[in-house]
Amino acid sequence: MSFSFRTRKIDMRRIGNFSDPKLADQFNDYLQTLKIPAKVDHDESSHDIWIRDEKDVATAREAMDEFKQSPGAAKFDVTAEAARLRKEEEAEKKRKLALQQKAQKKLRGTSGAFGGRTARTGNIPVVIGMIIICGIASVSTDFNPQLDLSVILEQINSPPEVRGEQLTAREKLVVALNFASPIDYATTGDAWVSIKKGEIWRLVTPAFLHGSTMHLVFNMMALFTLGSVVERLHGSWFLASLLLVSHIIGMIVQVVLPDWLESPMAVGASGAVFGVFGFIWIRPRFQPSYPVGIPPFNVYLMLGFMFACMTPLIQGIANGAHVGGLLTGMAVAALAPKSI
């Protein structure tokens, strides 16, 4: 997955000219007060008016016709107002430039997907910590985050006072880290059975378990690529909160929505990863100066993967976690303070 700094091509349109440079500048001032971006191209014999945005061309032409008929009208005496607006625009440009320079300093050392630089890990402790914890938990459970049916039946038939004593270390981890104890879930059919007992950590720990090496590698690569940027731009506490909230809401969606979202016993960091993706994808829409953008192809790739997982062709995917995490990240992008 690659990322880019967003740029916009500007194609200006010429709408007419003046023979008097003073009139050209006066009309340009008037356009300034109408919030129509324009410029005057002064030449020896002609002074052309250029409009930046196509959507403003028709309005600018109408204004130009009216101006040429009576340039001395009171409504066109806006030199002072135009100067004030230009001063405000210049100050805003300087502010945005300073913010972008600050953001670029934070992004120095980001991975090749963000400009070809070599990744540094010293200032992304949350990302590195998450990768280590997920790796340890997944390897410790042999990439098999469920109990065999025979083990579950054996435990159900065991007396409650000795239940769990004969489990292996891997099986005990599976019981402790899943959203619900597989034994209690098989007995009651209630996905919330362990949470109701006060085992609140289970809202978080399923993110650390993964069902295969590819499952772990895919999630951790995406987390490193996306999460390292957010952590450098917004700080470790912000990323940790984004990951936590995205995963928890994704798990809740996974549990409460209908059966087509697969089992509530879902595992993996996908919900958190989709939360970070949703944040970076949507943030530029609410903060135009945001220094990172995701190319449309990568957006289509992520969304296409998410929707493909909802079809009968792909089974065993935590679709609810994906959707819940994505929507959470998008919401945070819209609501978080514009600090960058």
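How many bridges join strand S2 (residues 38-42) to strand S3 (residues 47-51)? The model is predicted, so local features need pLDDT of at least 70 and side-chain atom pairs count only at pLDDT 80 or more, whereas totals for chains, interfaces and linings use all residues. Residues are numbered from 1 along each chain as its sequence is written, and side-chain values use heavy atoms, without hydrogens and water.

**View A. Pairing of strands S2 and S3.** Five bridges join S2 to S3, and the two strands run antiparallel (strands pair if DSSP finds at least two bridges between them). Ala38 has Ile51 in S3 as its bridge partner. A hairpin of four residues connects S2 to S3. Strands (E, at least two residues) and helices (H or I, at least four) are DSSP runs, numbered from the N terminus.

**View B. Helix H9 and its end.** The 22 residues of H9 (residues 213-234) should span 32 Å at 1.5 Å a residue, and the 30 Å between its end C-alpha atoms agrees with this (the expected span is 1.5 Å times one less than the number of residues). H9 bends by about 30 degrees at Gly227, the angle being taken between axes fitted to the seven residues ending there and the seven starting there.

**View C. Contact of H9 with helix H10 (residues 236-256).** Leu223, Gly227, Val230, Glu231 and His234 of H9 meet Ser236, Phe238, Leu239, Leu242 and Leu243 of H10 (heavy atoms within 4.5 Å).

Definitions and conventions
Axes are lines fitted to C-alpha atoms, for helices over the stretch in contact, and angles run from 0 to 180 degrees between N-to-C directions.
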